[in-house]
Amino acid sequence: MKPVPAVGVVCLKDDQVLLIRRGTPPRMGEWSLPGGRIEPGEPVQQAALRELREETGVEADLIGLIDVVDGIFAEAGRHYVLIDYAAVWRSGEVVAGDDAAEARFFAFDEALRRVAWEETRRIIRAARTHAQNRRI
């Protein structure tokens, strides 16, 4: 498996987290973060904002890099290097688009319950902490 660079965005609005239900493999049907592949020649932060906009219709401001995570999905024969950012909602009504089957904001605890992958839950918690620390 050749690693594929990709981005993910934890978009926060007050105490809510924006999630998408994946419409394509891997993890099809599961709730996750908006994100996707980085296009050739595309700066990483621009890719994060583009993917957020394409999958949810939302505009946001990036507030920091959270972590870089290996998403190795052997069953699908895929290895993603996921570059995850925290962001704060700026505008836009949530509408599922691109390869997202659904998209919506959830209260923080509900978002954690809906996400199956522990790494994604860890990233969501870290993004919330990052956002709270910035407001101090």
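**Reading a helix**

Guide: The buried residues of helix H3 are Thr120, Arg121, Ile123, Ile124, Ala127 and Ala131; buried means under 20% relative accessible area (1.4 Å probe, protein chains only). They cover an arc of only 160° around the axis, which puts them on the same side of H3; the arc is taken from the directions from the helix axis to the C-beta atoms. The model is predicted: local features need pLDDT of at least 70, side-chain atom pairs count only at pLDDT 80 or more, and totals for chains, interfaces and linings use all residues. Residues are numbered from 1 along each chain as its sequence is written, and side-chain values use heavy atoms, with hydrogens and water left out.

Visitor: What do the buried residues of H3 pack against?

Guide: Contact means heavy atoms within 4.5 Å. The partners include strand E1 (3–13), strand E2 (16–22) and helix H2 (108–114). Helices (H or I, at least four residues) and strands (E, at least two) are DSSP runs, numbered from the N terminus.

Visitor: How do strands E5 and E6 pair?

Guide: Two strands pair if DSSP finds at least two bridges between them. E5 (residues 59–73) and E6 (residues 78–91) pair in the antiparallel sense over 13 bridges. Phe73 has Arg78 in E6 as its bridge partner. The two strands form a hairpin with four residues between them, and Gly77 in the turn has a positive phi of about 65°.

Visitor: Is Thr56 buried or exposed?

Guide: Thr56, in helix H1 (residues 44–56), is buried, with a relative accessible area of 0%. Its side chain reaches the backbone nitrogen of Val58 at 3.2 Å.

Key: Buried < 20%, exposed > 50% of the residue type's maximum accessible area, 1.4 Å probe, protein only. Polar contact = N/O pair within 3.5 Å; in protein donor to acceptor, adjacent residues only side chain to side chain.
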